[in-house]
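Reader: I am new to this one. Please take me through it in short steps.

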Amino acid sequence: MLRVIGKRLALLIPTLFGLSVLLFLWVRSLPGGPATALLGERATPEAVARVNELYGFDEPILLQYFTYMGKLLQGDFGTSIITGRPVLEEFATRFPATIELSIVALIFAIGVGIPLGYMAARHYGRFVDHGSVVLSLIGITIPVFFLAFILKYLFAIQWPILPPDGRQNPRIDATHVTDFYVLDGILTGEYDAAWDAFLHLILPGLALGTIPLAIIVRITRASVLEVQNADYVRTARAKGLMEKTIRGRFILRNAMLPVVTTIGLQTGLLISGAVLTETVFAFNGIGSFLRDAIFELDYPVLQGFIIFIAILYALINLIVDVSYTIIDPRVRVQ
C-alpha cells in the first residue's frame, strides 16, 4: 500500500509541473498581454507600465516562470484583484462552505444511489429496475440550476419548511472555530446553530447531488449485473453458501471497484462544479467566489483555483487507489 501511495505522489510532480507551464503560458498569451487583461477598460499606457513593473511582466520570460514557480512552492498563489487579499487566504475562508455542501451532496448520492442501483440489478427487468433507470435519466438530463430553482420554490417559498439561501440564519449568534458551521455548532455545544446550518445545507445538497446520484445508480446497476452472473458467484451458490454471504462478499464487494472510481470522480466534480448551486442559494463558498472572479477577470484567483483543484483531484485519485487495495486484494498483489 505504501508503494501505491508513493507512486501516485510521484506522478503528482510532473502533473503539477505541466499544469503550471500551461497556466503560465495562458496568462502571458492573453490579448494585449496580462497587464491589459487585468486592467480591462482602465488599461492606459501608464497603468499598463505600472502593472508590468509590479508583477514583473517586463522581465525575461524564463525569469518570470522561475519567480512564478518559486511563489507557488511557497504557497503564494497571488493576490485577488477583487478583494486585495491573498488567494490562498480567500480559499481557506470559503473552502469549508463548499466542503460541507459537497459532503452532504455526496452522502445523499451514495446513500441513495448504491442501494437503488443494487436493487435495480437484483430485480432486473421489473418495475424497480425500470423505475431506477427512468429516474437516473431524469437526474442526468435536468440542469442543476433548474433543479435548484424548483427545490427552492417548492420547499422554501411555496411550502416554507427549509431556509431559501445562505449558510446560517443571521439572527443566530454562533461561534465559528473551523468555519465548518455544523461541526462548529457541535464542538461548541451550540446545537441550535448546528441544526440551523444543517437545514441550510439540505436544498443545495440535494440539487448538487442529483447528477452524481443518477450516475452512481447506473454504474452500480451495470456492475452488479455483470458480477452476479460471474462464474465464482455460480460456484458459491453451487457450494451452498448463504445468499446473504454471496451478496455481500462475492457480488457487492466485487461490484464496488467501478463504483468507487465513479465516486472519486464525482467528488472532484462536486467541489469544482458548485458554482451554479452556490449562486442560486447565495451560498458563500468557492463556487460563488469563482463566479465573481470570472466576471471580474480576476486571473490570480482563476490560476490558483485551477492548481488547487488539480491537487485535490490528485489526492482524491490517491484515496481511490488505496481503497482499491482494500476492496480487492488482487490489486495489492499486482
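**Patch, helices, rings and bridges**

Reader: What pLDDT do side-chain atom pairs need?

Author: Residues are numbered from 1 along each chain as its sequence is written, and side-chain values use heavy atoms, without hydrogens or water. This is a predicted model: totals for chains, interfaces and linings use all residues, local features need pLDDT of at least 70, and side-chain atom pairs count only at pLDDT 80 or more.

Reader: How much accessible area does the nonpolar patch have together?

Author: A patch takes residues with over 30% relative accessible area and no salt bridge; like charges join within 9 Å, nonpolar side chains (Val, Leu, Ile, Met, Phe, Trp, Tyr) within 5 Å. Areas come from the Shrake-Rupley method with a 1.4 Å probe, and for residues only the protein chains shown count as cover. Phe145, Phe146, Phe149, Ile150 and Leu276 form this one on the surface, and together they have about 470 Å².

Reader: How many helices does the protein chain have?

Author: There are zero strands in the chain. Its C-alpha trace spans about 85 × 55 × 40 Å along the principal axes. The helix count is 15.

Reader: Within what arc do the buried residues of H4 fall?

Author: Gln64, Tyr65, Tyr68, Met69 and Leu72 are buried in H4 (buried is under 20% relative accessible area, exposed over 50%, partly exposed in between, with a 1.4 Å probe and protein chains only). They line one face of the helix, because seen down the axis they fall within a limited arc. That arc, taken from the directions from the helix axis to the C-beta atoms, is 130°.

Reader: Which exposed residues does the face of H4 turned away from its buried side carry?

Author: H4 covers residues 61-73. Its buried side includes Tyr65 and Met69. The face turned away carries Leu62, Phe66 and Leu73.

Reader: How many residues apart in sequence are the parts tied by Phe91 and Phe305?

Author: The structure holds 11 aromatic pairs (rings of Phe, Tyr and Trp, the last by its six-membered ring, with centres within 6.5 Å; planes under 30 degrees apart are stacked, over 60 edge-to-face, the rest tilted). The rings of Phe91 and Phe305 have centres 6.5 Å apart and planes at 75°, so this pair is edge-to-face. Phe91 lies in helix H5 and Phe305 in helix H14, so the pair ties together parts whose separation is 214 residues.

Reader: How far apart are the closest N and O atoms of Arg94 and Glu90?

Author: A salt bridge puts a side-chain nitrogen of Lys or Arg within 4 Å of a carboxyl oxygen of Asp or Glu. Arg94 and Glu90 are four residues apart in helix H5, so about one helical turn separates them. Glu90 is buried, because its relative accessible area is 2%. The closest N and O atoms lie apart by 3.3 Å.

Reader: In which loop does Arg167 lie?

Author: The side chains of Glu100 and Arg167 meet in a salt bridge of 2.8 Å, N to O. Glu100 lies in helix H5, so the pair ties together parts 67 residues apart in sequence. Arg167 itself lies in the loop between H7 and helix H8.

How values were computed. Helix = DSSP H or I, 4+ residues; strand = E, 2+ residues; numbered from the N terminus. Expected span 1.5 Å × (residues − 1).
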